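Biologist: Could you walk me through this model, please? I'd like to begin with the overall fold and then go down to single residues.

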Amino acid sequence: MQSRNEQLMAEAVKYIPGGVNSPVRAFGSIGSCPRFIKRADGALLWDEDGQEYIDMIGSWGPMILGHHHPKVWEQVAKAGPMGLSFGAATAAEVEMAKLVCSLVPSVELVRMVNSGTEAVMSAIRVARGYTRRNKIIKFTGCYHGHSDGLLVKAGSGVMTAGVPDSLGVPEGCTSDTLSAVYNDLESVRAHFSRCGEEIAAVIVEPVAANMGVVEPEEGFLQGLREICDQYDALLIFDEVITGFRLGIDGAQGYYNVRPDLTTFGKIIGAGMPVGAYGGRREVMEVVAPLGGVYQAGTLSGNPVAMAAGMAQLNWLKDHPHSYETLNQRAAAFFDSIREMLTELKLPWQVNHVGSLGCLFFTGQTVHDYESAKTSDTKAYADYCNYMLTHGVYLAPAQFEAMFLSMAHSDAQLKQVLETMRAYFEQL
Ligand SMILES: *Cc1c(COP(=O)(O)O)cnc(C)c1O
């Protein structure tokens, strides 16, 4: 007999490409049936078959307070009945912008949008408009949403023009995207020494969290800042994952490096579709209606979305020590995995920064995309399917992070560790 998840998938594929509205949800890389989630509370999820899971994804980051947080829900329930959208200015947007500017010192003006993809696409347009230059540098293995110019194939050192990594992206859209190697400043300098006066910006995930989790090495982010200053290019931090996660001021506060522009998503919306981009006043002043860079959105600054995001950010602001607790608890959790692997003589790697972490099935240390790619994705698939079957909801793909939330209890994390141990011991 088919499970309810299997029945839903059979129905879904008739009407939705691949049955899902975002590819990773299809569970293709672990070869099993997607879990259709019915409900969530705190750090727990329940699927349509009634199975319970400890949620180690948190909707890919937004749910840092856990699901169905009472303070967030209270504000959403208040905002909804007042009207779902007006397409006009609201007080909530003013409050949100003021809050973001006060929490993140490098952000002096901020524009709300509806997704991380939109935030990054717009920030790049601003960087190009401000510098009047066209080229951008991105790092192989960093993900910045699905806009045309950022879907480039993994680069090689000698390549100057990016090659599209998706059908439907014309070469013209990626020819100004240069690829560099994460944690390798020389690969960045090489582009600048060839065509520095044409480079508008360097965009980076300050902690790479879309090739598994890769920490920036000492001096890497600072080095990017210096190179950009030397060539009058802008430095863009894509903090769609790290923003309000590593701390209230994101990775830029955590590593003390000040970008010119920052993009947000995920946590800023608390689970509602929200993104934002902002930065230095002088740079952001090129955005319409002030300046000549056009960017707009019918639903941008949506009142219900603002209510949710603001409730979450205000809670975080009012509980500054909660980051310390979360990061300490996460460090203990990831350290326990490392100890377990050592004890069981398994060579695999655990990378973690704050509440983000991941397990790579490789014996090599992982510091960039090349080394991440040495991970055995079949081994990951086997592990992931075991964990799912035993009530731990992990990313159904190797090159994704685990996101711990402030709702995870010590007992729940211990249960995750025990499930991992049971898996490792039966190998
Ligand atoms: C998720 C993500 C995006 C894209 O955000 P969407 O809301 O999915 O469009 C961009 N950059 C980074 C670093 C992300 O993790």
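Biologist: What is the strand order in the open sheet of seven strands?

Modeller: The order is β4-β10-β9-β8-β7-β5-β6, and the pairing is mixed; two strands count as paired if DSSP finds at least two bridges between them. Helices (H or I, at least four residues) and strands (E, at least two) are DSSP runs, numbered from the N terminus. Before going further, note that this is a predicted model, in which local features need pLDDT of at least 70 and side-chain atom pairs count only at pLDDT 80 or more, while totals for chains, interfaces and linings use all residues. Residues are numbered from 1 along each chain as its sequence is written, and side-chain values use heavy atoms, with hydrogens and water left out.

Biologist: And which strands stand at the edges?

Modeller: Those are β4 (109-113) and β6 (177-180); each has a single partner strand, so one side of each is left without a neighbour in the sheet. From one strand to the next, the twist averages 20°, where axes are lines fitted to C-alpha atoms, for helices over the stretch in contact, and angles run from 0 to 180 degrees between N-to-C directions.

Biologist: How do β8 and β9 run, parallel or antiparallel?

Modeller: β8 and β9 (residues 261-264) run parallel and are joined by three bridges, and the bridge partner of phenylalanine 237 in β9 is threonine 262. Helix α3 (residues 91-103) packs on this sheet, touching β4 and β9, with its direction at about 125° to that of β4. Helix α6 also packs on the sheet, where it touches β5, β6 and β7, and its direction makes about 145° with that of β6. Contact here means heavy atoms within 4.5 Å.

Biologist: Which way do the residues of β6 point?

Modeller: Thr177 and Ser179 point one way, Leu178 and Ala180 point the other way, and all are buried, which means under 20% relative accessible area, with exposed being over 50% and partly exposed in between (1.4 Å probe, protein chains only). β6 pairs with β5 in the parallel sense over four bridges, and in β6 alanine 180 is the bridge partner of phenylalanine 139.

Biologist: Switching to α7, what does its buried side pack against?

Modeller: The buried residues of α7 (residues 220-230) include Phe220, Leu224 and Ile227. Together, the buried residues of α7 pack against β5 (135-139), α6 (185-195), β7 (199-204), β8 (234-238) and α8 (250-255). On spacing, an α-helix has 3.6 residues a turn, so residues three or four places apart point the same way.

Biologist: OK, the ligand. Which residues are around it?

Modeller: Among them are Ser115, Gly116, Tyr143, His144, Asp238 and Lys266, a residue being near if one of its heavy atoms lies within 4 Å of the molecule.

Biologist: What are the polar distances for aspartate 238 and lysine 266?

Modeller: A polar side-chain atom of aspartate 238 lies 2.7 Å from a nitrogen atom of the ligand, while an N or O atom in the side chain of lysine 266 is 2.7 Å from a ligand oxygen. The protein covers 83% of the 380 Å² of accessible area that the ligand has on its own; these areas come from the Shrake-Rupley method with a 1.4 Å probe, and for residues only the protein chains shown count as cover.

Biologist: Is histidine 408 buried or exposed?

Modeller: Histidine 408 is buried, at 2% relative accessibility, and it lies in the loop between β14 (402-403) and α14. Not counting residues up to four places away in sequence, histidine 408 touches residues including Ile54, Arg329, Phe403 and Leu413. A polar atom of its side chain lies 2.9 Å from the backbone nitrogen of serine 405.

Biologist: Then what is phi of phenylalanine 27?

Modeller: Phi of phenylalanine 27 is positive, near 60°, and this residue, in the loop between α1 (4-15) and β1, is buried at 2% relative accessibility. Serine 59 also has a positive phi, near 55°, but serine 59 is partly exposed, at 43%.

Note on methods
Polar contact = N/O pair within 3.5 Å; in protein donor to acceptor, adjacent residues only side chain to side chain.
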